[in-house]
Amino acid sequence: MTKPLLCPTCKSNRMRFTVIEQVPRYIRLDPQTGEVVQQLQSDELDVFHQPYKGESYMIQCGVCGTTESEERFVKMAQLMQSQRPI
Ligand SMILES: [Zn+2]
């Protein structure tokens, strides 16, 4: 996180953010009861079970609560930077 961030929703917050870690847990359920019967590591998944490929963390704006990928915040900061009159 070394680039400036700007919230794409409230467009005012550049300072207060919350990092939401996304940790995938792979589980097998009993199809009848829904009970968890097994927890798996990502390298134990069979060919029918896709590993999680999403963001490893999300960013939440500490002011308005918008939660997006970090890229959205970075893009907004860059957009506002490029629109600034020289
Ligand atoms: Zn915001």
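Predicted model: local features only at pLDDT ≥ 70, side-chain atom pairs only at ≥ 80, totals over all residues.
Strand E2 covers residues 26-29, and strand E3 covers residues 36-40. They pair in the antiparallel sense, over four bridges.

E2 and E3 form a hairpin. Six residues lie between the two strands. Look at Gly 34 in the turn: its phi is positive, about 80 degrees.

## The zinc site

Which residues hold the protein donors of the zinc ion? They are Cys 7, Cys 10, Cys 61 and Cys 64. Each donates through its SG atom. The donors lie 2.3 to 2.4 Å from the zinc ion. Along the chain they follow the spacing C-x2-C-x50-C-x2-C. The pair Cys 10 and Cys 64 links distant parts of the chain, 54 residues apart. Cys 10 sits in the segment before strand E1 (17-21). Cys 64 sits in the loop between strand E4 (57-61) and strand E5 (67-68).

Now the geometry. The angles among the four donor atoms run from 104 to 119 degrees. The site is tetrahedral, because four donors count as such if all angles lie between 85 and 135 degrees. The ideal angle for four tetrahedral donors is 109.5 degrees.

How accessible are Cys 10 and Cys 64? Cys 10 has a relative accessible area of 26%, so it counts as partly exposed. Cys 64 is partly exposed too, at 37%.

## The open sheet and its helix

Three strands form an open sheet in the order E1-E4-E5, with antiparallel pairing. E1 and E5 are the edge strands, and each pairs on one side only. E1 and E4 pair over five bridges. In one of these strands, E4, Cys 61 is the bridge partner of Phe 17. Cys 61 is also one of the zinc donors.

Helix H1 packs on the sheet. The helix touches E1, E4 and E5. Its direction makes about 50 degrees with that of E4.

## Ser 69, between strand and helix

Where is Ser 69? This residue lies in the loop between E5 and helix H1 (70-83). Is Ser 69 buried or exposed? Its relative accessibility is 12%, so Ser 69 counts as buried, the cut-off being under 20%.

Which residues does Ser 69 contact, leaving aside neighbours within four places in sequence? They are Glu 55 and Met 58.

Terms used: Residues numbered from 1 in each chain as written. Heavy atoms only, no water. Pairing = 2+ DSSP bridges. Donors = N, O, S within 2.8 Å, 3.2 Å for Na, K, Ca; no water. Tetrahedral: all angles 85-135°; square planar, octahedral: opposite > 155°, others 65-115°. Buried < 20%, exposed > 50% of the residue type's maximum accessible area, 1.4 Å probe, protein only. Contact = heavy atoms within 4.5 Å. Axes fitted to C-alpha atoms, helices over the stretch in contact; angles between N-to-C directions.
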